[in-house]
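Colleague: Could you walk me through how this chain packs together? I'd like to start with the core.

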Amino acid sequence: MAVLRILQTSGRALGAYQILAELQNDGMSAPPQVYRALDRLCADGHVHRIESLNAFVACDQHGHEDDVGFAICESCAAVSELPLDAIEDDMRKRTAALGFAVNRTRVELIGLCADCLAAAPAAEMNG
């Protein structure tokens, strides 16, 4: 599918309209088409929605449950998927002690990726 291919090759989170712009040469011109494709890909576990960015990224760890973490670069929008095994177990224990039932865990860590961190002037990092 073209939407998944675009997300897999982008290396960063993309919004629906960014995906649509890439697909216009393929004959897709209506936002509902992109949103339907994204909904299906999310439901099938091939794509994740990055809630803080209102964007989407291809899943790079197929076979995991919905509980997932992301390291998101605030400079270039690169996204890395993170396993949450130990964190998720701890959080479920803590929330259970509060009488809270967790349905899903989604952690979004915002910062700079290694490439952007290396390119940032030292003054920006200290200030």
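Colleague: Which residues touch the most other members of the largest nonpolar core?

Modeller: This is a predicted model, where local features need pLDDT of at least 70, side-chain atom pairs count only at pLDDT 80 or more, and totals for chains, interfaces and linings use all residues. Numbering runs from 1 along each chain as its sequence is written, and side-chain values use heavy atoms, with hydrogens and water left out. A nonpolar core is a set of buried (under 20% relative accessible area, 1.4 Å probe, protein chains only) Ala, Val, Leu, Ile, Met, Phe, Trp, Tyr and Cys residues joined through side-chain atoms within 4.5 Å. In this 17-residue core, the ones you want are V3, L7, I19, L23, V34, L38 and V47.

Colleague: What does L23 touch, leaving out residues up to four places away in sequence?

Modeller: Contact here means heavy atoms within 4.5 Å. By that count, L23 reaches A2, V3, I6, M28 and V34.

Colleague: Where do the buried residues of α2 sit around the helix?

Modeller: Helices are DSSP runs of H or I, at least four residues, numbered from the N terminus. In α2 (residues 16–23), the buried ones are A16, I19, L20 and L23. Seen down the axis, they fall within an arc of 100 degrees (taken from the directions from the axis to the C-beta atoms), so they line one face of the helix.

Colleague: And which exposed residues does the face of α2 turned away from its buried side carry?

Modeller: Exposed means over 50% relative accessible area. On that face you'll find Y17, A21 and E22.

Note on methods. Helices (H or I, at least four residues) and strands (E, at least two) are DSSP runs, numbered from the N terminus.
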